[in-house]
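Trainee: I have a model to go through today. Please bring it up and walk me around.
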Amino acid sequence: MTSHIFHRLRSFVLGCAAALVLMASGSPLQAQTVAVMVNGEPITNYDIEQRSKLNFLTTRKKPARQDIINELIDEKVKVKEGKKFGVEPTSSDVDQSYAQMGSRMRMSADQLDKTLEGQGIRPDTLKARLKAEIVWTSLVRGRFKGSLQVGEKDVAAAAQAAGNEKLETEAFEYQMRPVVLIVPKGSAPSLFEARRKEAEALRNRVQTCEEANAVFKSLQNATIRTVVTKTSADLPAVLRDILDKTPIGHLTAPEQTRQGIEMVALCGRKPTTIDTPKKREIRDKMYVEKYEARSKSYLQEVRKAAMIEYR
């Protein structure tokens, strides 16, 4: 009799424990059922459901179940391949990528969380996809860097085929040394104004980059940075116009920034040639084509070697 009661009590406790585990998962039993095993790691029906919702949110098209499964399998094998070569982004790397995605959509990370949750999607669903993308991009670019390079002859040939487009244009190369008169954060406007007047006085005094180096290294709460070289293509039109009007060795007009009052000592300006926008477009397109082809073939290799078991 005692044994029978003990057996019933034990069954009740085990049943409660199982129910608690199920409730803690936050999903029905069916959703937690394993659909596919990839190299010993499960893809559940819940994973498939979540990714389907995410893809529908971005494409507004209902994806085929098998397409979602293939996508999740690809991500599993990509992450495993990354581990083999020591490519393992940290959670902070993934969070940063997630925040950047939100920023591009003019949202904070918290706002992106709420947007996804409002559609019944866990943020971790998107983060898992981002992690796989980070791993794979790093792997393909790192392992096949040489074969992805686009040569000048190839670009020229492609440009000729497109109608003998002009590949280079005249420009200037600027050598600059940024300088800062530091103003502590939270300082009164009067301090900014005082340092601005100091900057104007220095503009009249400095005639060469050597003088700028000596002056700013001797000043308190001031700094001069190392030489930065940029071409016309690297700079916004407004800054190019300012540099073109600044005599060599002189300082540009002072500007207030978060660090204080900043100027630029123009150390050199010489004619050069740069790639035309069309040439850069052709080069970028050729690189993307090479990358996508290499990525596709590499993924096929990795997938063939994977242990994939449908349940």
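Trainee: How do the residues lining the second largest pocket divide by class?
Mentor: Into six nonpolar, two polar and two charged; Asp, Glu, Lys and Arg count as charged, Ala, Val, Leu, Ile, Met, Phe, Trp, Tyr, Cys and Pro as nonpolar, the rest as polar. This is a predicted model, with local features needing pLDDT of at least 70 and side-chain atom pairs 80 or more, while totals for chains, interfaces and linings use all residues. Numbering starts from 1 along each chain, and side-chain values use heavy atoms, without hydrogens or water.

Trainee: Which residues line that second largest pocket?
Mentor: Val238, Leu239, Ile242, Thr252, Ala253, Glu255, Thr257, Glu262, Met263 and Val264. Helix H12 (237-245) and strand E7 (260-275) each give two or more of its lining residues. Its volume is about 190 Å³.

Trainee: And what volume has the largest pocket?
Mentor: About 520 Å³. It is lined by 21 residues, and Glu41, Glu75, Lys76, Val79 and Ala128 are the closest to its centre. Strand E2 (41-44) and helices H3 (45-59), H4 (65-84) and H7 (123-143) each supply two or more.

Trainee: What classes are in that lining?
Mentor: Eleven charged, seven nonpolar and three polar residues.

Trainee: Changing topic, at what angle do H4 and H7 pack?
Mentor: About 55°, with the axes 9 Å apart.

Trainee: Which residues make the contact?
Mentor: H4 brings Glu71, Glu75, Lys78, Val79, Glu81 and Gly82, and H7 brings Ala128, Arg129, Lys131, Ala132, Val135, Trp136, Leu139 and Arg143 (heavy atoms within 4.5 Å). By class, the contact of H4 with H7 has seven charged, six nonpolar and one polar.

How values were computed:
On a 1 Å grid over the protein atoms alone, a cavity is a set of points where a 1.4 Å probe fits but cannot get out, and a pocket is an open set with protein on both sides within 12 Å along at least five of seven lines; lining residues have an atom within 4 Å of a point. Grid points are joined across faces, edges and corners, and a volume is the space filled by probe spheres set on the points. Helices (H or I, at least four residues) and strands (E, at least two) are DSSP runs, numbered from the N terminus. Axes are lines fitted to C-alpha atoms, for helices over the stretch in contact, and angles run from 0 to 180 degrees between N-to-C directions.
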